[in-house]
Amino acid sequence: FGTFSFAVDGLSAFFIMIISTITFTVSLYSIGYTAHYDGKYPVGLMGALFNVFYVSMIAVVTSSNAIMFLIMWETMSLTSFFLVIFESRQKGTVGSGLFYLIMTHIGTAAITIGFILMYTQSGSFDMSSFHGAASGMSDLLRSSVFVLWLVGFGTKAGIVPLHVWLPMAHPAAPTNVSAIMSAVMVKTAIYMLIRCYFDLLDVRDPWWGVVVLAVACISALLGVMYALIESDIKRLLAFSTVENIGIIMMALGVAMIFSSYGLQDLAALALIACLMHVLSHSLFKSLLFMGAGSVLYSTHTRNMEKLGGLAKRMPYTSLMFFIGTLSVAAIPPLTGFVSEWLIFQSMLQSFNIPEAVVKMVIPVALGTLAITGALAAAAFLKAFGITFLARPRSEAAERAKEVPRTMLAGMGILSALCILAGVLSFMILPVIDDVTSALVGVSIKGYLVSGFMIVPTA
């Protein structure tokens, strides 16, 4: 089986930082949020599962052996399943959790087959042996592994049409658990896609990137369209996760296309944009889920049509949810704007691609991203207006009160980070460049202009 070991490099360290930051803020938030479970559900059990969940995510992004990775991946999946069904007496909760469990195991099966195919060529399950083995694999075998890993990790990430568990599991799970799952658990799949395609397999075929880009565009567009018509605030956020995973994978697909043509500078730009949006989405989505959880904590309803007027009754929650709304809508200078602008910049470099057909694909994706951004802004501004503005539309909304201080503290830290990560992006991007340079072999720090704009040329 090779050596059961863990290793930390720039990419895994970047994801450890995100996982740990979000887990800390959600843990702080949970001190107040879990108070309403006292006497109803075993809060100590949630705490134990929460800690195992955190450790398993860290282990997933640091495993350097395929067997150890699968053990940690399964641990992460099972603990998240038990957290999803924590409110087991609620109608539909267990069914939603079981559906999530089935979907995640379908993905795990595809991942396992991909690892076994790599083992047949390398003779070891150590991931360090996979890179050398990939160079000697036939095109058919390499492409088969590519598809298997896209399906396997795409299921956990929530790409269309494998996203169906997301709008079921998130409303069923406790909101503090939803914040972790949506903000960081699905990112472990993004971590592995980047690791597998740029480190283990080595991108050579342009059609790989085109497939990823096409799937990403469909996911982003359908995700935001479903979000736009939702009245359940947690389902809206779940569909928004599908949209943003699509946006992240747009950047990943563009990076793969550039890399396949040897345009490493441009591949680095797209990969930096990809990782920046991973960071951005983790910050604003966990903030928005906490805001939704605060609304649920105070009003006991997720239906936005029964809310309204909460800005007066929950002013701090309202302000912080609005910051999350501005970030998800990519309003400058917040972090959501920075990451989406970088993705736009990378796509605008498509004229450097020598093949005409592929050159035409990326502008279509760019248009899709623009439409998606506009619809996302409409969806979340509508959600904020319906939930927090106007007059209360139910007795529960009229009786709403501000949530405990620990919940506000968790949201407050993330609100500040959403602003700081945007304003201080000129300090963050060189750090991300250090991560991507190890994957694509090129550093583009020299293209930083005024500490923010990145404009590499082929």
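Tutor: Let's start with a definition: a residue counts as buried under 20% relative accessible area, exposed over 50%, and partly exposed in between. Keep in mind that this is a predicted model.

Student: Okay, so where does tryptophan 207 fall, buried, exposed or partly exposed?

Tutor: Tryptophan 207 has a relative accessible area of 39%, so it is partly exposed.

Student: And what about tryptophan 208, buried or exposed?

Tutor: Tryptophan 208 is buried, because its relative accessible area is 0%.

Student: How do I read an aromatic pair?

Tutor: You look at the distance between ring centres and the angle between planes; over 60 degrees counts as edge-to-face. A search of the whole structure turns up 27 aromatic pairs. Take phenylalanine 15 and tyrosine 191: their rings sit 5.3 Å centre to centre with 70° between the planes, an edge-to-face pair.

Student: Which parts of the chain does that pair tie together?

Tutor: Phenylalanine 15 lies in helix H1 (residues 10-33) and tyrosine 191 in helix H8 (residues 175-201), so the pair ties together parts that are 176 residues apart in sequence. Both phenylalanine 15 and tyrosine 191 are buried. Tryptophan 207 and tryptophan 208 also form an edge-to-face pair, at 6.5 Å centre to centre and 85° between the planes.

Student: Which residues do ring pairs link into a cluster?

Tutor: Here you get Tyr29, Tyr33, Tyr37, Tyr41, Phe86 and Tyr297, linked by ring pairs.

Student: What does tryptophan 149 touch?

Tutor: Leaving out residues up to four places away in sequence, tryptophan 149 touches Ile111, Gly114, Phe115, Met118, Gly154, Leu193, Cys196, Tyr197, Leu200 and Leu201.

Student: Which residues form a nonpolar patch on the surface?

Tutor: Look at Ile419, Leu420, Val423, Leu424, Phe426 and Met427, which together have about 500 Å² of accessible area. Two elements give two or more residues to this patch: helix H17 (405-423) and helix H18 (425-440). The largest share, three residues, comes from H17.

Student: Where is phenylalanine 426 found, and is it buried or partly exposed?

Tutor: Phenylalanine 426 is found in helix H18. With a relative accessible area of 40%, phenylalanine 426 is partly exposed.

Note on methods: Residues numbered from 1 in each chain as written. Predicted model: local features only at pLDDT ≥ 70, side-chain atom pairs only at ≥ 80, totals over all residues. Heavy atoms only, no water. Patch = residues over 30% accessible without salt bridge, like charges linked within 9 Å, V, L, I, M, F, W, Y side chains within 5 Å. Areas by Shrake-Rupley, 256 points an atom, 1.4 Å probe, with all protein chains shown as cover. Salt bridge = Lys/Arg side-chain N within 4 Å of Asp/Glu carboxyl O. Helix = DSSP H or I, 4+ residues; strand = E, 2+ residues; numbered from the N terminus. Buried < 20%, exposed > 50% of the residue type's maximum accessible area, 1.4 Å probe, protein only. Contact = heavy atoms within 4.5 Å. Phe/Tyr/Trp six-rings, centres within 6.5 Å; stacked < 30°, edge-to-face > 60°.
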